[in-house]
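Biologist: I would like a close look at one part of this model, followed by an account of how the rest is arranged, in one connected answer.

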Amino acid sequence: MNKGKVVKTISNQYFVYSDGKIYECKARGKFRNEKISPLVGDYCLFDKDKLYIMEILPRKNSLHRPLISNVDVALILTSVKKPNFSSLLLDKQLVLVQSQNIKPIIIISKMDLLTKKEKKDIIKIIKMYKKVGFTVLKNTNLFQIKRALRNKTVVLTGQTGAGKSTLLNKIGKLNIETKPISEALGRGVHTTRHTESYKVGKALISDTPGFSSLNLNINKDDLKKYYPEFQGIECHFKGCNHIKETKCGVKEKLNQNEIYKSRYDNYVKLWEEL
Ligand SMILES: Nc1nc2c(ncn2[C@@H]2O[C@H](COP(=O)(O)OP(=O)(O)OP(=O)(O)O)[C@@H](O)[C@H]2O)c(=O)[nH]1
Ligand SMILES: [Mg+2]
Ligand SMILES: [Zn+2]
């Protein structure tokens with residue numbers, strides 16, 4: 001038995017990297033019965049001759065959307081136009097990524113499509129996310145992006161058409177297919193259809209298919225944990241969820257403008273969604 005890492009999946013074909021080679025494997029039937037399947041990012045034991053993945057080694061984390069495991073950093077590709085900026089979608093992705101102990105980096109794309117006035121508004125939003133404690137970079141800051149990814153296992157995530165493959169092409173000098181977003185739909189057309197990892201300098205970066213909507217699958221009471229700006233605030237009730245409770249420190253800070261309203265409003269929306 002050999003040890004390898006799944007670096008690409010296309011339907012039920014798994015491409016396993018081991019000792020400088022790629023082995024195109026199938027997954028053993030027992031996985032299907034157990035309703036688990038190998039993910040890009042998985043370390044596995046596989047049979048080099050029969051080309052079967054026999055065992056998936058324990059994961060340090062995994063995401064459902066995109067489907068991937070064992071990630072250190074997620075680049076959350078966030079376009080400001082085509083598709084339009086959605087703070088709710090961004091906050092949702094920030095929650096999901098942090099819930100798996102993955103460091104989020106917000107990458108803003110398509111700033112070049114904005115008018116002067118729109119640019120001003122987006123810059124305010126970027127400042128807000130930075131103040132909360134998130135790393136925010138523009139997709140044109142290639143040097144800084146590369147520096148942040150050194151020695152890391154990275155996933156590109158974000159809406160379809162946000163510019164994930166375009167960015168990876170630039171930082172990795174690759175030639176992955178990209179496509180303009182559909183004029184008719186006003187959104188991307190799912191250009192990337194499978195997840196694949198690429199070695200880029202000292203980083204391993206996975207390109208993934210984009211999504212148009214996203215479900216939160218976390219424990220409702222955990223939601224507040226993924227809001228850095230809520231941490232360390234004292235509330236009257238132990239376990240306060242900062243929603244309808246009285247004497248809530250978070251809501252006091254909100255009233256004093258020390259917590260951003262859009263972040264709090266999205267928190268309530270996500271809470272209701274859960
Ligand atoms: N103007 C502008 N266009 C961009 C930028 N980044 C990407 N694009 C364009 O946006 C379109 C979609 O980019 P892709 O890289 O294919 O998007 P994606 O996120 O990989 O999309 P999926 O693979 O469908 O998930 C392409 O036509 C890109 O050329 C940007 O910063 N500015
Ligand atoms: Mg793509
Ligand atoms: Zn509270």
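Where does Gly29 lie?

Modeller: The model is a predicted one, and what follows should be read with that in mind. Gly29 lies in helix α1, which covers residues 29-33. Gly29 counts as exposed, because it has 9 C-beta neighbours inside 10 Å, and a residue is called exposed if it has 12 or fewer. Ser213 is 184 residues from Gly29 along the chain, and the C-alpha atoms of the two are separated by 31 Å.

From there one may turn to the ligand. Ligand 1 is surrounded by 24 residues, and the closest are Gly163, Thr166, Thr178, Thr192 and Gly210. Sorted by class, this shell holds 14 polar, six nonpolar and four charged residues. The element that gives the most to the shell is helix α5, residues 164-172, which supplies three residues.

Within α5, the residues Lys164, Ser165, Leu167, Leu168 and Ile171 are buried. Looking down the axis of α5, one finds these buried residues within an arc of 160 degrees, and they therefore line one face of the helix. The partners against which the buried residues of α5 pack are the strands β8 (73-79), β9 (103-109), β11 (153-158), β12 (195-200) and β13 (203-207), together with helix α4 (142-149). Just after α5 comes Lys173, whose phi is positive, at about 50 degrees.

Arg150 is exposed, because 10 other C-beta atoms lie within 10 Å of its own, and the cut-off for an exposed residue is 12 or fewer. If neighbours within four places in sequence are left aside, the contacts of Arg150 are with Gly201, Lys202 and Ala203. Val136, for its part, is 14 residues from Arg150 in sequence, and the C-alpha to C-alpha separation between them is 17 Å.

Helix α2 (residues 87-99) packs with helix α7 (residues 261-273) at an angle of about 70 degrees, their axes being 10 Å apart. Since angles from 65 to 115 degrees count as roughly perpendicular, α2 and α7 are therefore described as roughly perpendicular to each other. On the side of α2 the contact is made by Ser87, Leu88, Asp91, Lys92 and Val95, and on the side of α7 by Ser262, Arg263, Asn266, Lys269 and Leu270. By class, the contact between α2 and α7 has four charged, three polar and three nonpolar residues.

Leu223 has contacts that reach into this pair of helices. It lies in the loop between β13 and α6, and Leu223 counts as buried because it has 21 C-beta neighbours inside 10 Å, where 20 or more are required. Not counting residues up to four places away in sequence, Leu223 touches Val95, Ile218, Leu270, Trp271 and Leu274. Val95 and Leu270, both among these, also take part in the contact of α2 with α7. Although Leu223 and Val268 are 45 residues apart in sequence, their C-alpha atoms are 9.9 Å apart in space.

In the loop between β8 and α2 lies Pro83, and the peptide bond that joins Lys82 to Pro83 is cis, with omega about -5 degrees. Another cis peptide bond runs from Arg65 to Pro66, with omega near -5 degrees, and Pro66 is found in the loop between β6 (62-63) and β7 (68-69).

Asn101 is exposed, with 10 other C-beta atoms within 10 Å. Asn257, which is found in the loop between α6 (249-255) and α7, likewise has a positive phi near 60 degrees without being a glycine, and Asn257 counts as exposed with 8 C-beta neighbours inside 10 Å.

Note on methods
Residues are numbered from 1 along each chain as its sequence is written. Chains are lettered from A and ligands numbered from 1 in the order in which they are written. This is a predicted model: local features need pLDDT of at least 70, side-chain atom pairs count only at pLDDT 80 or more; totals for chains, interfaces and linings use all residues. A residue is near a molecule or strand if its C-beta atom, placed from the backbone, lies within 6 Å of it. Helices (H or I, at least four residues) and strands (E, at least two) are DSSP runs, numbered from the N terminus. Ala, Val, Leu, Ile, Met, Phe, Trp, Tyr, Cys and Pro count as nonpolar, Asp, Glu, Lys and Arg as charged, and the others, Gly among them, as polar. Axes are lines fitted to C-alpha atoms, for helices over the stretch in contact, and angles run from 0 to 180 degrees between N-to-C directions. Angles under 35 degrees count as roughly parallel, over 145 as roughly antiparallel, 65 to 115 as roughly perpendicular and the rest as oblique. Two residues are in contact if their C-beta atoms, placed from the backbone, lie within 7 Å. The arc is that of the directions from the helix axis to the C-beta atoms.
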